[in-house]
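Good morning, and thank you for joining this meeting. Please look at the chain on the screen while I walk through a few of its helices and residues.

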Amino acid sequence: MDPSTIFSHDHHGQTTLHPLALVVMVALGVAMLVVRRQYAIWPIIIMLCFLPSAQRVVVGGLDFTLLRVLILFGWARLLMRGETSGLVWHRLDTIFVIWLVPQSLFPVLDTGGLLLVNRAGLIYDAAGLYFLFRCLIRDWEDLRRCVYCLAYCSIPSAAIFLIEWTTGRNMFAVFGGVPEITHMRDGRLRCQGPFAHAILAGVFWASVLPMIASLLWEKRPKRVLIYASIVSVLVIVVTCSSATPVMAVAFGALGCGMWLVRRWMTPIRWSVAIGLVALHFVMQAPVWHLITRIDVVGGESYHRYRLIQAAIDHAHEWWFIGSRAGTGHWGHMLYDVTNYYIVQGLHGGVLQVALLAILFTIAFGSVGRVVRSVHPDRTRQIYMWAVGVSLFTHAMSFIAVSYFGQLMTMFYLDLAIIGSLGVLCASRRRRRSPRAVVVPQASPVASPVSAS
């Protein structure tokens with residue numbers, strides 16, 4: 001098998017640019033250059049929600065998706081306006097950069113340079129988007145405006161998904177990259193809109209649901225908009241007819257509910273970890289067999305269990321620097337790697353998986369510190385908690401879907417928000433910390449007696 005095919009899709013390597021998509025891209029790019037910084041992220045969100053990721057221009061063998069072109073507009077804006085000066089480095093930035101290294105370097109070394117261009121594209125997308133978001137989102141108002149943009153976009157998106165659900169046809173098929181006739185499984189239409197797969201569409205919107213709901217804790221919330229957006233997201237999840245988005249909503253609800261016991265999160269996390277280890281030793285099957293008990297809408301939970309077990313059985317193939325041989329020989333239908341943790345292992349070995357775990361650990365730790373630092377501002381606490389819950393839905397969804405396209409961008413956005421607000425609150429803590437008061441000692445004064 002050609003190693004380069006492991007990292008590619010059917011529409012890669014060929015120009016698929018609709019005239020309407022070109023007009024929209026130019027309009028969004030110009031908007032990104034001229035609008036106020038607080039709204040500069042809106043064009044990216046609009047593109048994610050309404051243009052398929054298959055839209056691209058190939059120049060000299062290099063794939064430039066419309067999102068990549070928009071990244072160029074974003075960085076042109078930052079450089080022209082000097083907005084990169086507002087970026088203050090956070091330790092999350094450090095681990096994010098380190099996380100990119102194995103999955104970019106190891107495939108190139110293992111294939112003798114065949115994947116150099118492909119992995120360069122990964123770095124461009126990941127670093128370009130993450131640090132663009134870090135520069136554009138600097139404070140709480142920036143976060144609020146970003147979430148409101150998602151709320152606004154969710155309503156027409158739900159209407160589009162309902163049209164697809166009732167007609168069985170995807171109107172985004174004219175752009176390419178998505179099928180004209182909606183895929184059906186077990187008698188259910190699996191609507192996907194502009195996304196490459198129904199699961200990606202559902203998880204994308206399920207991951208933003210906690211942040212949209214957090215807007216209800218504002219002093220003067222736009223309740224009609226927020227409730228309409230929440231309903232719209234749920235409509236999208238239902239029309240996707242996939243178990244993974246439904247579980248993402250459930251994990252989001254669980255994460256939001258943990259707000260009530262936030263002071264005891266450390267013992268709760270340890271209890272869950274110890275409980276899973278104990279179950280592994282007392283169960284007849286391994287603890288990851290519990291995945292097969294989750295079957296919301298007739299999904300493929302058993303496939304995901306077999307995939308995890310096969311990855312463990314074949315760890316000798318990928319643990320060092322990953323594997324470019326594919327997974328089709330692991331078992332029936334196991335070429336379909338619906339687990340992003342396993343994808344990370346295939347790209348960069350055990351080191352890559354460990355770096356992802358460290359990335360999550362630092363990000364969740366930053367969420368906790370920000371929540372504590374803004375006390376007693378309940379609104380900001382809930383904002384930040386919701387961002388952490390969104391990241392939690394990604395961490396759980398990684399078990400059931402391999403991220404790419406729009407969904408990967410949302411993952412980068414969550415991390416960037418955490419990094420930016422972590423820097424903001426750390427700087428405020430330093431300004432509020434009491435400084436040691438140095439009392440100057442009086443210089444010795446000569447006594448009249450000694451002077452005489």
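I begin with helix α14, which is mostly covered, since 16 of its 20 residues are buried. Buried here means under 20% relative accessible area, with exposed being over 50% and partly exposed in between, for a 1.4 Å probe and protein chains only. Helices are DSSP runs of H or I of at least four residues, strands are runs of E of at least two, and both are numbered from the N terminus.

A word on the source: this is a predicted model, in which local features need pLDDT of at least 70 and side-chain atom pairs count only at pLDDT 80 or more, while totals for chains, interfaces and linings use all residues. Residues are numbered from 1 along each chain as its sequence is written, and side-chain values use heavy atoms, with hydrogens and water left out.

Returning to α14, its 20 residues should span 28 Å at 1.5 Å a residue, and its end C-alpha atoms are 28 Å apart, which agrees. The expected span is 1.5 Å times one less than the number of residues.

H394 is found in α14, residues 378-397, and is buried, with a relative accessible area of 0%. Leaving aside residues up to four places away in sequence, H394 touches S207, Y403, L407, M410, F411 and D414; contact means heavy atoms within 4.5 Å. Q381 also lies in helix α14 and is buried, at a relative accessible area of 4%. With the sequence neighbours up to four places away again not counted, Q381 touches W259, V371, V374 and H375.

I turn now to a helix pair. How do the axes of α7 and α9 cross? The axes of α7 (residues 198-214) and α9 (residues 243-257) come within 8 Å and cross at roughly 15 degrees. The two helices are therefore roughly parallel to each other, a term for angles under 35 degrees, where over 145 is roughly antiparallel, 65 to 115 roughly perpendicular and the rest oblique. Axes are lines fitted to C-alpha atoms, for helices over the stretch in contact, and angles run from 0 to 180 degrees between N-to-C directions. On the α7 side, the contact is made by A198, I199, G202, V203, A206, L209 and P210, and on the α9 side by T244, P245, A248, V249, G252 and C256.

Finally, S241 sits in the loop between α8 (223-240) and α9. At 11% relative accessibility, S241 counts as buried.
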